[in-house]
Amino acid sequence: MNPVKPGETRRTPWIVGVSGASGTPYAASVLRALLAAGESVDLVVSRASRLTLLDETGISFRDAHWREDLREWLAAGADGKPAAFDVDLDAVRYWNAGDLAAGPSSGSYPSKGMLIVPASTACVAGVALGLSKDLLQRAASVTLKERRPLVVAVRETPLNGQTLRHLVSLDDAGASVVPASPGFYAGATHIQDLVDFVAGRVLDAAGVEHGLYRRWRGELGGGSAD
């Protein structure tokens with residue numbers, strides 16, 4: 001790692017891990033919001049999530065063309081409409097999920113924390129048990145041991161007892177467990193609104209400012225009035 005020169009600011013990214021659970025639009029919304037907030041992002045896309053991304057969006061995520069594929073993914077709306085968003089990827093660094101020598105595999109690598117969105121039950125189990133079978137799980141274990149924020153957006157239903165116990169273990173270890181459960185009080189009128197609500201709650205747990213959803217103001221019917 002190159003030392004920080006006088007006058008330079010150390011790059012301290014949020015690590016975003018995308019696992020194989022359904023819900024790739026949630027990850028896209030989180031990534032767009034982080035970049036819009038001026039945050040740097042280190043991205044880890046698991047092998048299983050590539051299959052889910054292809055199934056849900058028709059987009060192939062390829063290591064050799066990750067920038068083009070990521071741009072296409074983040075530009076699309078939750079309804080599949082292409083070029084719905086403008087994205088700037090200058091603040092994104094991509095790491096292959098099989099690269100266990102990557103920066104985020106070490107506690108000395110600077111980061112603000114990690115967001116796993118969506119998080120499959122297999123990913124939850126791997127992180128809870130400290131398996132570190134790929135870079136996503138290893139980066140999550142590092143985040144916990146360094147006492148940095150870890151947000152796990154679990155996307156599965158129903159949840160069996162084993163997974164619930166794993167989630168409790170993550171909570172005990174200091175992680176924030178955020179189920180991908182959209183709220184309807186914000187006056188959603190489009191699928192993107194529901195996706196952005198979940199993404200916004202993930203970012204709330206991480207302490208990142210955003211404007212993805214209408215917040216509760218203590219006024220019944222406020223969402224429908226908007």
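These are my notebook entries on what I looked up in this predicted model.

**Ground rules**

I number residues from 1 along each chain as its sequence is written, and I use heavy atoms for side-chain values, leaving out hydrogens and water. Since the model is predicted, local features need pLDDT of at least 70 and side-chain atom pairs count only at pLDDT 80 or more, while totals for chains, interfaces and linings use all residues.

**Entry 1: helix α5**

I began with α5 (135-145). Helices here are DSSP runs of H or I with at least four residues, strands are runs of E with at least two, and both are numbered from the N terminus. How many of the residues of α5 are buried? I found nine of its 11, so I noted this helix as mostly covered. For the record, buried means under 20% relative accessible area, exposed means over 50%, and partly exposed is in between (1.4 Å probe, protein chains only). Among the buried residues of α5 are Leu135, Leu136, Ala139, Val142 and Leu144. Gln137, Ser141 and Thr143 are also on that list.

Next I looked at the two ends. Asp134 caps the N-terminal end, with a side-chain oxygen 3.3 Å from the backbone nitrogen of Leu136. Just after α5, Arg147 takes a positive phi of about 60°.

**Entry 2: Arg148, a buried charge**

Arg148 sits in the loop between α5 and β5. Arg148 is buried, yet it has no salt bridge. A salt bridge needs a side-chain nitrogen of Lys or Arg within 4 Å of a carboxyl oxygen of Asp or Glu. Which side chain of opposite charge is nearest to Arg148? I found Glu146, 4.4 Å away. In this count Lys and Arg are positive and Asp and Glu negative; His and the chain ends are not counted.

I then looked for polar partners of Arg148. A polar contact is a pair of N or O atoms within 3.5 Å; within protein, one must be able to donate a hydrogen and the other to accept it, and residues adjacent in sequence count only if both atoms are side-chain atoms. The side chain of Arg148 makes such a contact with the side chain of Ser111 (3.4 Å). A polar atom of the Arg148 side chain also lies 3.2 Å from the backbone oxygen of Tyr109. Leaving out residues up to four places away in sequence, Arg148 touches (heavy atoms within 4.5 Å) residues including Gly107, Pro110, Lys112 and Val142.

**Entry 3: Pro149**

Pro149 is in the loop between α5 and β5 (150-154). Pro149 counts as partly exposed because its relative accessibility is 35%. With residues up to four places away left out, Pro149 touches Trp14, Lys112, Gly113, Met114 and Thr143. I also checked Leu115: it is 34 residues from Pro149 in sequence, but 8.2 Å away in space, C-alpha to C-alpha.

**Entry 4: salt bridges**

Side chains of opposite charge can pair when their charged atoms come close.

- Arg11 pairs with Asp42, with the closest N and O atoms 2.7 Å apart. Arg11 is in the segment before β1 and Asp42 is in strand β2, so the pair ties together parts that are 31 residues apart in sequence. Arg11 is partly exposed at 26%, whereas Asp42 is buried at 0%.
- Asp63 pairs with Arg50 at 2.8 Å between the closest N and O atoms. This pair links distant parts of the chain, 13 residues apart: Asp63 is in the loop between α2 and α3, and Arg50 is in helix α2. Asp63 is partly exposed at 33%, and Arg50 is buried at 18%.
- Asp204 pairs with Arg201, with 3.1 Å between the closest N and O atoms. Both lie in helix α7, three residues apart, which is about one turn of the helix. Salt bridges that share partners join Arg201, Asp204 and Arg215 into one network.

**Entry 5: helix α3**

In α3 (residues 66-75), I listed Trp66, Asp69, Leu70, Trp73, Leu74 and Ala75 as buried. What covers these buried residues? The cover includes β1 (14-18), α1 (24-36), β2 (41-45), α2 (47-57) and β3 (92-96).
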